[in-house]
Amino acid sequence: MATVDSKLISQYLNVSASNVSDALDRLGINGAPQGILPIYPCAKIAGPAATLKYLPFGQAEESTVIGTLKAIVLGGAGSVLVVDASENPFVNSFGGVAGATAKHNGLVGCVTDGVVRDVDEYKIYGMPVYAKGIAQQSVRGRSSCAGYGIPVMLAGVPVRPGDFILADENGTVVVPMEHIAEVLAFAQKVKATEDRVIAEIRAGADPVEAHLKVNYDNMLKK
């Protein structure tokens, strides 16, 4: 069970996935999986990854249902369930029972590069879910569990247990655990710079001059 300092989590919640993506660009890190968006208007989430991988039915021995529950318990309070459904992307990868179990165990949310179902249930108990879409069919008889607490891929981005996940209405980002502090520092710099530019424009500054003053086009270059 990985943990991240609560102060760092709070600071990450004060920047956006866009700010973090800019920081990842600056550092040359592949950490911006595309198309993983909030399934309903839910809370921003941040925390260490608890990983899970699905395969098509029959390609692994463990039940997807049982494997998912084990992944949730292993991840523990404060973590984000990360589901690699890339090899079975059109089958439900997170349902109502899993969501209720995750909520009961203190997980802050789920991100998956597959589809999910039981959105009405997530809304009732406030479980943030980020995914590529919604499906109504059961996972039973359609997927198998390839493992949990293991390195996975999330829409082409590698995720290890304990890597940091931030997701908001802009999308989802993955920060390797060894880069958590430096990514945060540059994300905060990006936010402060953009806030300054916006404030100057609102105060009457020429927008082109405001951007040139901070060398905006080159801000992400090393």
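**Strands, salt bridges and cores**

Author: Strands E2 and E4 (residues 80-84) pair in the parallel sense, over five bridges. Please keep in mind that this is a predicted model.

Reader: Happy to. What makes E2 and E4 count as paired?

Author: Two strands pair if there are at least two bridges between them. E2 and E4 have five bridges, so they meet that cut-off. In E4, Val80 is the bridge partner of Ala49.

Reader: Which other strands pair with E2, and in which sense?

Author: Strand E12 (residues 164-168) pairs with E2 in the antiparallel sense over four bridges, and there Ile165 stands opposite Gly47. Strand E9 (residues 143-148) is also antiparallel to E2, over five bridges. In E9, Tyr148 is the bridge partner of Leu52.

Reader: Why is E2 called largely enclosed by the rest of the structure?

Author: Strand E2 (residues 45-56) is called that because twelve of its twelve residues are buried.

Reader: How do you know that Thr172 is buried or exposed?

Author: Buried means under 20% relative accessible area. Thr172, in strand E13 (residues 171-175), has 3%, so it is buried. Leaving out residues up to four places away in sequence, Thr172 touches several others, including Gly31, Pro33, Val111, Tyr130 and Leu166. A polar atom of its side chain also lies 3.1 Å from the backbone oxygen of Ile36.

Reader: And what makes Gln136 buried or exposed?

Author: Exposed means over 50%. Gln136 has a relative accessible area of 65%, so it is exposed. Gln136 sits in the loop between strand E8 (133-134) and E9. Its C-alpha atom is 9.3 Å from that of Val115, 21 residues away along the chain.

Reader: Why is the link between Arg117 and Asp118 called a salt bridge?

Author: The cut-off is a side-chain nitrogen of Lys or Arg within 4 Å of a carboxyl oxygen of Asp or Glu. The side chains of Arg117 and Asp118 meet at 3.7 Å, N to O, so the pair qualifies. Arg117 is itself buried, because its relative accessible area is 18%.

Reader: How many salt bridges does the structure hold?

Author: There are nine. One network of them links Lys53, Asp84 and Glu87.

Reader: What makes Arg196 and Glu200 a salt bridge?

Author: Their closest N and O atoms are 3.4 Å apart, which falls within 4 Å. Both residues lie in helix H6 (residues 180-202), four residues apart, about one turn of the helix. Arg196 has a relative accessible area of 42%, so it is partly exposed.

Reader: Which pair joins Lys213, and where do the two residues lie?

Author: Lys213 meets Glu200 in a salt bridge, at 3.4 Å from N to O. This pair links distant parts of the chain, with Lys213 in helix H7 (residues 207-213) and Glu200 in helix H6, 13 residues apart. At 54% relative accessible area, Lys213 is exposed.

Reader: Last one: which residues have the most contacts inside the largest nonpolar core?

Author: That core has 38 residues, and those with the most contacts inside it are Leu81, Val82, Phe94, Val111, Tyr122, Val159 and Ile165. Apart from it lies another core of 21 residues, among them Val4, Ile29, Phe164 and Met219. In soluble globular proteins, nonpolar side chains tend to be buried together.

Reader: What does Tyr122 contact?

Author: Beyond its neighbours within four places in sequence, Tyr122 is in contact with residues including Tyr40, Phe94, Val116, Arg117 and Met127.

Key
Residues are numbered from 1 along each chain as its sequence is written. This is a predicted model: local features need pLDDT of at least 70, side-chain atom pairs count only at pLDDT 80 or more; totals for chains, interfaces and linings use all residues. Side-chain values use heavy atoms; hydrogens and water are left out. A nonpolar core is a set of buried Ala, Val, Leu, Ile, Met, Phe, Trp, Tyr and Cys residues joined through side-chain atoms within 4.5 Å. Buried means under 20% relative accessible area, exposed over 50%, partly exposed in between (1.4 Å probe, protein chains only). Contact means heavy atoms within 4.5 Å. A polar contact is a pair of N or O atoms within 3.5 Å; within protein, one must be able to donate a hydrogen and the other to accept it, and residues adjacent in sequence count only if both atoms are side-chain atoms.
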